[in-house]
Amino acid sequence: MTDALGWRRKFGVIAPSTNTIVEPDFYAMAVPGVTSHFSRIHIRNQDLSDDANFENLLVQIRAEIGFACERVLTCEPDYMVMGMSAETFWGGVEGNREFTAQIKEITGLDVATGAEACERALKLYGARKIGVVTPYQPVGDANVVRFFGEIGFEVTAIEGLKCPTAVSIAHVTEDELRAAILNVNAPDVDAIVQCGTNLSMVRLADEAERWLGKPVIAINAATWWMALRENGIKDKVYGAGSLLREY
């Protein structure tokens, strides 16, 4: 029997319990016949006020992610999507590959991660030099720079917003994000990348592409794009950037 609503694909999505942005973003970018089903990683201490506390968030994620995967598997999804990004950049390319392999081992399913989605998008655009916006502390930014450097991209500027808690990431305003985009942009920057799935930037990225004249990749849009295209879903989505609209 085919699922009445997810008749094309059912996506199992893993997100931190503190995240309020990625779920509505994925719903807003939905296409007919594809449904997303969220399972939450319990974040007990959401303090991100310094590097040590930021790394503690990753410790919590690693301890809980297997349980979150097992819960979502009970709805029998066809594919996994990571609704979080920091862990997918951690440890550079090797760290990302190990993380992806871990999820595949637990679930038996292929998986879309934000880091790999951004890699695919940047290669598609032919970018080389990039500016990056994150909500992270310096240790998180360092891992992002490492990942992109290892796959051949030069991060010419990165702006980490140093959000003090996991929930406060969702409180960053469009004005603050617009300023951050402009701070990392330069004439020689080929594309802007935004990391952090709890930052609300899908709509702004779509607008920013028009006034910057270059790709602006919101990580939630990129991850959703990868998930759709990996599953043969070619539908165009409007209002979420050129990636989903044109590729």
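Strand S1 (residues 9-16) runs parallel to S2 and is joined to S2 by eight bridges, in what is a predicted model. Within this pair of strands, Val 13 has Phe 38 of S2 as its bridge partner. The sheet to which both strands belong is open and has four strands, which follow the order S2-S1-S3-S4 with parallel pairing. Its edges are formed by strand S2 (34-41) and strand S4 (111-112), each of which has a single partner strand, so that one side of each is left without a neighbour in the sheet.

Helix H4 (residues 92-107) packs on this sheet, where H4 touches strand S3 (79-82) and S4, and the direction of H4 makes about 140° with that of S3. The loop between H4 and S4 contains Gly 108, a residue that is exposed, with a relative accessible area of 64%. Although Gly 108 and Asp 78 are 30 residues apart in sequence, their C-alpha atoms lie 9.7 Å apart in space.

## The sheet from S5 to S8

A further open sheet of four strands, again with parallel pairing, has the order S6-S5-S7-S8. Strand S6 (154-160) and strand S8 (216-218) are the edge strands here, and each pairs on one side only. From one strand to the next, the twist averages 20°. Strand S5 (residues 129-134) and S6 run parallel and are joined by six bridges, and Val 133 stands opposite Glu 159 in S6.

Two helices are described against this sheet. Helix H7 (residues 174-184) lies across S5, S6 and strand S7 (191-194), and runs at about 150° to S5, whereas H9 lies across S7 and S8, running at about 75° to S8.

## Helix H9 and its surroundings

Helix H9 (residues 219-230) has twelve residues and spans 16 Å from its first C-alpha to its last, close to the 16 Å expected at 1.5 Å a residue. After H9 comes Gly 232, which has a positive phi, near 75°.

## Packing of H5 with H9

The axes of helix H5 (residues 114-125) and H9 come within 8 Å and cross at roughly 85°, which makes H5 roughly perpendicular to H9. On the H5 side the contact is made by Gly 114, Glu 116, Ala 117, Cys 118, Arg 120, Ala 121 and Leu 124, and on the H9 side by Ile 219, Ala 222, Thr 223, Trp 225, Met 226 and Glu 230. Sorted by class, the contact of H5 with H9 has eight nonpolar, two polar and three charged residues.

## Packing of H4 with H6

H4, which packs on the sheet through S3 and S4, also packs with helix H6 (residues 138-150), at an angle of about 95° and with the two axes 7 Å apart. That angle makes H4 roughly perpendicular to H6. The residues of H4 that take part are Gly 92, Val 93, Glu 94, Asn 96 and Arg 97, which meet Asn 143, Arg 146, Phe 147 and Glu 150 in H6. By class, this contact of H4 with H6 has two nonpolar, three polar and four charged residues.

Note on methods: Residues numbered from 1 in each chain as written. Predicted model: local features only at pLDDT ≥ 70, side-chain atom pairs only at ≥ 80, totals over all residues. Heavy atoms only, no water. Pairing = 2+ DSSP bridges. Contact = heavy atoms within 4.5 Å. Axes fitted to C-alpha atoms, helices over the stretch in contact; angles between N-to-C directions. Expected span 1.5 Å × (residues − 1). Parallel < 35°, antiparallel > 145°, perpendicular 65-115°, else oblique. Nonpolar A, V, L, I, M, F, W, Y, C, P; charged D, E, K, R; others polar. Buried < 20%, exposed > 50% of the residue type's maximum accessible area, 1.4 Å probe, protein only.
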